[in-house]
Amino acid sequence: MEAVAPGTRAVMTTAGRRATIKDVAEAADVSRSTASRALTGRGYVAPAVRERVRRAAQTLGYVPDAMARNLRQQVSRSIGVLVSDLRNSFYADLASGISQQSRRRGYAMMLADDNGSVEAELEAAETFVALRVAGVILTPLSTDVTEYLGRHRIPVIEVDRQFAEGTHDAVVVDNKTAAERVTGSLLAAGHRRISLLIDEMDWTTGRDRLAGYRAAFHAAGVPLDDALVVRGGWDVGAALGVARELLGSPDRPTAVFAANNVLAEGVWRAAQALGLRVPEDLSLVSFDDAPWMTMVRPGVTAVAQDAVALGEAAVAQMFERIQNPDSPVRTVMLSAAVAQRGSTAPPATA
């Protein structure tokens, strides 16, 4: 028979049934309201009684019913988090930063992955509303999800990219400045045929990275061939196919700026397949660092967003919004460093 904590009474529960607050109260010989106050810390309970209730709860293996508590209090101790693709290390690190910061504040993270589907994104948002989360942090795919959550008066923080600028808070990286910096470094090394491989140009991420790429050419006084801006698809396979065609052409670029780590992997694989040496035959830079970029030789120069810090900043902004619901909407912009490695060199014809 399981031992009973000193000062408590033995209470039997039906086999397989979770212990309830009533069971804890009976075991500690107190009322249910006293047991509730002792376990939640809200309201006065004599120290000796509080300890007796906690011992009883521990003995019975009592776990509070978060859903019932949320319904009673109309408040949740959880945050909904919705990201685009957890297979991508950027989103995994982002979720890690959100989780760490939420836990420090006594909140749990409810994580969903929409895999790039607007339909899946809205389904996840509906689940978050049903579970009465305190707020939602997301990498949005459209305005639909923020409008839906806004109608339910749930605080929203857009992170990494924005669709609801001016109506919802956001935490983003200075994409334009970072893109201009890495493109400018290639131009300074003597490259003129620099291709930008990009997945999209309508979201704030793609739009600003394209703007930074173009700004570097303008600042250097070098004409830009728009044919060098190429869409590379959404996954490594698609990027590999596009990059093979790009790098296999007679007038191939001498350098490629990949707008994210997935596209960079496609370029790297294409270069290897075509027998092109990096950086002797082709210079490569990436927006977004990824673990594989330090495992290959030479390592790949990349804009290193601190995705963990991005997630932590999003949580801080979320709680500021919860505490000050009527404060002006704001966008927090973080800078990004460039991790210089060995994947760039002057062009062979320079």
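Colleague: Let's start with a loop: where does Arg 153 lie?

Modeller: Helices (H or I, at least four residues) and strands (E, at least two) are DSSP runs, numbered from the N terminus. Arg 153 sits in the loop between helix H7 (144–151) and strand E4 (156–159). Its phi is positive, about 60°, although Arg 153 is not a glycine. This is a predicted model, where local features need pLDDT of at least 70 and side-chain atom pairs count only at pLDDT 80 or more, while totals for chains, interfaces and linings use all residues. Residues are numbered from 1 along each chain as its sequence is written, and side-chain values use heavy atoms, with hydrogens and water left out.

Colleague: Is Arg 153 buried or exposed?

Modeller: Buried means under 20% relative accessible area, exposed over 50%, and partly exposed in between (1.4 Å probe, protein chains only). With a relative accessible area of 76%, Arg 153 is exposed. Asn 115 is another residue to look at: it has a positive phi of about 55° and is not a glycine. You will find Asn 115 in the loop between strand E2 (108–113) and H6, and at 51% relative accessibility it counts as exposed.

Colleague: Which peptide bonds are cis, with omega near 0°?

Modeller: One of them runs from Arg 297 to Pro 298, and Pro 298 is in the loop between E9 and strand E10 (301–304). A cis bond also joins Val 278 and Pro 279, with omega about 10°. Pro 279 has its place in the loop between H11 and strand E9 (283–287).

Colleague: Now helix pairs. At what angle do H8 and H9 pack?

Modeller: Axes are lines fitted to C-alpha atoms, for helices over the stretch in contact, and angles run from 0 to 180 degrees between N-to-C directions. Helix H8 (residues 175–188) meets helix H9 (residues 204–220) at about 40°, with the axes 7 Å apart. That makes H8 oblique to H9; angles under 35 degrees count as roughly parallel, over 145 as roughly antiparallel, 65 to 115 as roughly perpendicular and the rest as oblique. Contact means heavy atoms within 4.5 Å, and among the residues making it are Ala 179, Glu 180 and Thr 183 of H8 and Tyr 213 of H9.

Colleague: And how do the axes of H10 and H11 cross?

Modeller: The axes of helix H10 (residues 236–247) and helix H11 (residues 261–274) come within 7 Å and cross at roughly 50°, so H10 and H11 are oblique to each other too. Their contact includes Leu 240 and Leu 247 of H10 and Val 267 and Leu 274 of H11.

Colleague: Which residues of the largest nonpolar core touch the most other members?

Modeller: In soluble globular proteins, nonpolar side chains tend to be buried together. A nonpolar core is a set of buried Ala, Val, Leu, Ile, Met, Phe, Trp, Tyr and Cys residues joined through side-chain atoms within 4.5 Å. Here the largest core has 69 residues, and Ile 137 and Tyr 213 touch the most other members. Helix H12 (residues 307–323) gives the most to this core, with 7 residues. Apart from it lies another core, of 14 residues, including Val 129, Val 133, Leu 149 and Val 156.

Colleague: What does Tyr 213 touch?

Modeller: Not counting residues up to four places away in sequence, the partners of Tyr 213 include Ala 179, Ile 194, Leu 224, Val 229 and Phe 257.
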